[in-house]
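Look at the aromatic side chains in the structure below. The paragraphs that follow take their ring pairs one after another.

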Amino acid sequence: AGSAIGLGNIWKFPYITGVNGGGAFVLVYLGCILLFGLPLMLCETAIGRKTGKNPYGAFKALQTKRSLTADVIGILLLVSAICLAVTGHFGFAAVLFGCAVLFVWLGFAAVGLLSLITAMLILSYYAVVGAWIVDYVWRAFSGGLHFTEVSEAAQVFGNYLDNDPERIVIELVIFMTLTAGMIIFGIRKGIERCSKVLMPMLFILLLAVILRGVTLPGAREGISFFLRPDFSKLSVDGILEALGHAFYSLSLAMGITITYGSYLRKDENIFSISLWVVVLDTLAALLGGLAIFPAVFAMGLDPAAGPGLIFDVLPATFYRIPGGMGWFWAGLFFLMLTIAALTSAAALLESGVTFLMDQFKLRRVPAVLGAYVGVTLLGLLTCYSTNHWKNLPGIDHFVRRVFNVSASSWFDLLDTLTSNWMLPLVGLMTVIFVGWIWGARRAGRELREGTRGFADENLAILLAGFGGEPHYLGASNSGLTVMTLWGLLVRYVAPVIMVIIFLQVITK
């Protein structure tokens with residue numbers, strides 16, 4: 001839960017909900033969580049626990065022989081790369097060409113490697129957002145965010161991004177140092193110990209901000225906007241964004257769930273663990289929306305402000321709250337965001353650290369330092385290009401020419417590449433591998449460990465509250481069970497819909 005609950009819930013989910021019309025987007029997002037998110041989480045956790053290895057090592061261990069399917073996928077990716085190159089999208093064509101080479105060379109072990117690459121790319125810009133938030137915690141509690149107008153707040157934030165990259169670099173180093181400090185002592189003494197303190201603190205702070213927001217005059221309009229569906233405002237791009245965010249929010253297709261799964265005991269119930277993570281993650285996203293939209297509407301501000309919602313709109317929102325305690329509510333909000341960012345960043349970094357420890361036989365401290373330095377150096381590009389390309393002259397022209405997209409920054413380019421391309425691709429390959437290569441039967445055996453028969457009870461009997469009732473024992477293992485439902489989703493539903501959505505991405 002510490003991994004899944006992060007900026008995706010409290011920063012990204014509210015602003016993409018605002019851009020995509022509110023309640024209808026929330027419903028589509030919840031559907032994506034149930035149809036793709038939870039089944040994929042079960043797949044990744046089973047892979048991790050079965051092998052006890054990092055993502056690359058896990059796929060390699062389960063791939064007992066060379067797979068013709070992997071070669072076919074490699075050829076299809078190569079054809080896709082050629083089509084993209086013909087249409088002028090040379091950068092994305094190069095990405096797919098690299099993926100094609102990896103599949104032909106490594107088979108499905110390429111999926112694990114790609115998930116790790118994706119995780120490090122995401123962390124390189126995610127940590128920069130963490131740096132901004134660290135800066136705003138200080139500004140809020142010191143009274144430096146005293147804005148009454150959004151335009152004033154937006155100007156200050158824009159100047160900070162454009163003209164003070166050295167300050168952002170220092171804050172990036174601070175954020176990454178805190179992240180590395182969380183994992184340098186290992187899973188139990190590091191991440192687990194920190195998360196057990198930080199996660200409850202996060203929810204307490206969220207509830208405090210929500211209680212203040214919903215008691216403001218006019219807050220009801222914000223709640224209605226967030227929870228009432230209006231499908232006329234939802235586009236195909238919005239549906240695609242909902243799917244991408246389901247991956248992003250649950251930390252799927254990044255190697256994290258496989259890495260954490262590798263530490264699970266055989267008597268742990270993967271179904272209940274995964275369900276709890278999904279419930280807590282979704283609850284955090286909904287609470288994040290309730291912490292933001294009532295206050296934004298109560299102050300008469302724009303909910304569709306995009307990524308600038310928490311840095312432009314919310315500072316002005318908090319300082320308009322009656323009572324003269326705007327600095328306190330702003331400080332609490334950004335402190336809450338810092339906690340969410342740290343626990344997720346620690347999980348992303350841990351996936352890279354586990355890979356270095358397993359594949360290169362490094363001890364934990366050198367592996368942490370290596371991953372820390374590599375990600376921080378890559379993050380420098382984002383520090384110097386977050387709002388436009390002024391500090392990286394010439395790269396704007398290169399990106400437009402090579403990727404044939406109008407990316408406003410290096411941050412924007414990486415976010416598009418990882419959220420819309422890499423995460424769906426890795427997720428698709430994972431469900432194909434589990435459903436058809438490793439096989440649902442073998443994966444199901446791993447998932448059954450620790451369930452005490454729960455996974456094979458008839459779903460209708462289970463939902464009706466008659467699980468374990470002697471009268472139904474003859475029918476308990478027939479019909480639609482939790483396990484057979486998972487198998488159907490993984491083998492048929494998820495791959496077909498994800499292929500359609502991925503084709504939508506590459507043909508845009």
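Two rings of Phe, Tyr or Trp (its six-membered ring) form a pair if their centres lie within 6.5 Å; planes under 30 degrees apart count as stacked, over 60 as edge-to-face and the rest as tilted. By this rule there are 29 aromatic pairs. This is a predicted model, in which local features need pLDDT of at least 70 and side-chain atom pairs count only at pLDDT 80 or more, while totals for chains, interfaces and linings use all residues. Residues are numbered from 1 along each chain as its sequence is written, and side-chain values use heavy atoms, with hydrogens and water left out.

Phe13 and Phe226 are an edge-to-face pair because their planes stand at 80 degrees, with the ring centres 6.2 Å apart. The pair links distant parts of the chain, 213 residues apart: Phe13 belongs to helix α1 (residues 7–19) and Phe226 to helix α10 (residues 219–227). Helices here are DSSP runs (H or I, at least four residues), numbered from the N terminus. Buried means under 20% relative accessible area, exposed over 50%, and partly exposed in between (1.4 Å probe, protein chains only). Phe13 is at 0%, so it counts as buried; Phe226 is also buried, at 0%.

Trp436 and Tyr492 also pair edge-to-face, at 5.6 Å between centres and 85 degrees between planes. Trp436 lies in helix α18 (residues 410–437) and Tyr492 in helix α21 (residues 482–506), 56 residues apart. Trp436 is partly exposed at 43%, and Tyr492 is partly exposed at 43%.

Ring pairs also join residues into a cluster, whose members include Tyr125, Trp132, Tyr160 and Phe411.

Key
Helix = DSSP H or I, 4+ residues; strand = E, 2+ residues; numbered from the N terminus.
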